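Thanks for making time this morning.

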Amino acid sequence: MSVKAKRLYSITVDIAAPQERIWEVMSDVEHWHTWTPSVRKIRRLDRGPFTLDSKVLIYQPKLPPALWKATAFEEGRSFTWISRGPGIRVTAHHTIEPITGGSRVMLSVQYEGILAGMVSRLTASINDRYLGYEAEGLKKKCEEKHS
């Protein structure tokens, strides 16, 4: 019996906050460790605002450090970054869209390449758990009242 590896992981969360607030938190990548346990540290490898071609080194529990580069960027709405390794490319999408009463955030991670099946099988529970942490942490952080 053959089991097909899950290669795309995604989660959607509705947040009672405006798109601008979510973008402010989501694009401040160096502070993700303050609102999600899925990130220990993110180190920017460039200066200035986070934008297209920005590079970061992400340290996550149970995973080796990974270099990510922003490859698509729509200010205030979405960004995509990619990490590469031998035989694998991992693409993560972060998208915000306005809805009545707030915003909807979609987060996903996709594996491609000759090792995608094996790596996605080995990291399946981590991927689901970490996306859940990120969605939950982003919601909580963005819905906090600032006085």
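Let me begin with a term: a polar contact is a pair of N or O atoms within 3.5 Å, where, within protein, one atom must be able to donate a hydrogen and the other to accept it, and where residues adjacent in sequence count only if both atoms are side-chain atoms. Please keep in mind that this is a predicted model, in which local features need pLDDT of at least 70 and side-chain atom pairs count only at pLDDT 80 or more, while totals for chains, interfaces and linings use all residues. Residues are numbered from 1 along each chain as its sequence is written, and side-chain values use heavy atoms, with hydrogens and water left out.

With that in hand, look at Arg44, which sits in strand 2 (residues 41–44); helices (H or I, at least four residues) and strands (E, at least two) are DSSP runs, numbered from the N terminus. The Arg44 side chain reaches the backbone oxygen of Gly48 at 3.1 Å, and it also makes a polar contact, at 2.5 Å, with the side chain of Asp46. Is Arg44 buried or exposed? Arg44 counts as buried because its relative accessibility is 12%, where buried means under 20% relative accessible area, exposed over 50%, and partly exposed in between, with a 1.4 Å probe and protein chains only.

Thr12, in strand 1 (residues 8–15), counts as partly exposed because its relative accessibility is 48%. Setting aside neighbours within four places in sequence, Thr12 is in contact (heavy atoms within 4.5 Å) with Arg104, Val105 and Met106. Thr12 and Arg121 are 109 residues apart in sequence and, C-alpha to C-alpha, 22 Å apart in space.

Now to helix 2, residues 116–143, which spans only 35 Å between its end C-alpha atoms, whereas a straight helix of 28 residues would span 40 Å at 1.5 Å a residue; the expected span is 1.5 Å times one less than the number of residues. Where does helix 2 bend? Helix 2 bends by about 65° at Thr123, the bend being the angle between axes fitted to the seven residues ending there and the seven starting there.
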